[in-house]
Amino acid sequence: MRKFTFALVATLLVVACNAGQTVKKLPAPNKERTATLMQALSDRQSIREYADTPIALQDLSDLLWAANGVNRPDGKRTAPSAVNRQDIKVYVLDTEGSWLYDHTEHALIKLNDGDFRQPIRENMPPMNLVLVADAEWQWSGVDAGYVSQNIYLFCAANGMATVAMGMFDEEAVTKALNLLTEQQVVLVHPVGYKK
Ligand SMILES: Cc1cc2nc3c(=O)[nH]c(=O)nc-3n(C[C@H](O)[C@H](O)[C@H](O)COP(=O)(O)O)c2cc1C
């Protein structure tokens, strides 16, 4: 009986915590895209101007999966991480608000309404991907670098433009993402289609 009561309370707590939370389920990533790795490496570059076109949901799905999605049954990811700590979270800033990429559900969880996108040299992209280290960890810069390169290569292979940005309004981004003091924004990636 006590076990049942505990399970019931735990379930109610989870339901209460998720109540009202907007979750955008992403379509399954399309792993049949045909661009070659050598072509992507040939085309990879930092691009700081973007078309106004919003990112299509399938492209966003594939981009997030490529960045740091789950690629094996044991839960490991497209990006390596030191001692498999998986310390890099990916967030999205778009015209609707701020979102956390839930890699286990391949979905976006809404955090705040509003437009918190960061421009690059006065160019506003349709969205930013934000790479956040969960806590102080000596390898977080390295781990974020792999995610960043995944983003670069996916964009290069699919007619999209991006740049790794180490300079941004840290206070605004931290607030938009409800980050805890121990969390650190490592890089912001503006992303859009090529102009
Ligand atoms: C960690 C890191 C931080 C960067 N920060 C910025 C930045 O704040 N602003 C910017 O315009 N470019 C930034 N860049 C992009 C570099 O300027 C760019 O990679 C470099 O000029 C080489 O160009 P390429 O990426 O086209 O090869 C950054 C790149 C890295 C790896």
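Guide: What follows goes from the sheet to the helices on it, and then to the ligand. Keep in mind that this is a predicted model.

Start with the sheet. It is open and has 7 strands, in the order β1-β4-β3-β2-β5-β7-β6. The pairing is antiparallel. β1 (23-25) and β6 (160-162) are the edge strands, each pairing on one side only. From one strand to the next, the twist averages 30°.

β6 pairs with β7 (residues 184-193) in the antiparallel sense, over 3 bridges. Threonine 162 has valine 191 in β7 as its bridge partner.

Two helices pack on this sheet. α3 touches β2 (88-93), β3 (97-102), β5 (127-133) and β7. Its direction makes about 155° with that of β2. α4 touches β2, β5, β6 and β7. The direction of α4 makes about 0° with that of β7.

The helices also pack on each other. α3 spans residues 57-68 and α4 spans residues 140-157. Their packing angle is about 145°, and their axes are 7 Å apart. The crossing of α3 past α4 is right-handed. From α3, the contact uses Asp62, Leu63, Ala66, Ala67 and Asn68. From α4 come Val147, Asn150, Ile151 and Phe154. By type, the contact residues are 6 nonpolar, 2 polar and 1 charged.

Last, the ligand. Around it stand Gln45, Ser46, Arg48, Ile120, Val163, Ala164, Met165, Gly166 and Met167. This shell divides into 5 nonpolar, 3 polar and 1 charged.

Technical notes. Residues numbered from 1 in each chain as written. Predicted model: local features only at pLDDT ≥ 70, side-chain atom pairs only at ≥ 80, totals over all residues. Axes fitted to C-alpha atoms, helices over the stretch in contact; angles between N-to-C directions. Helix = DSSP H or I, 4+ residues; strand = E, 2+ residues; numbered from the N terminus. Left-handed = near helix turned anticlockwise from the far one by under 90°. Contact = placed C-beta atoms within 7 Å. Nonpolar A, V, L, I, M, F, W, Y, C, P; charged D, E, K, R; others polar. Near = placed C-beta within 6 Å. Pairing = 2+ DSSP bridges.
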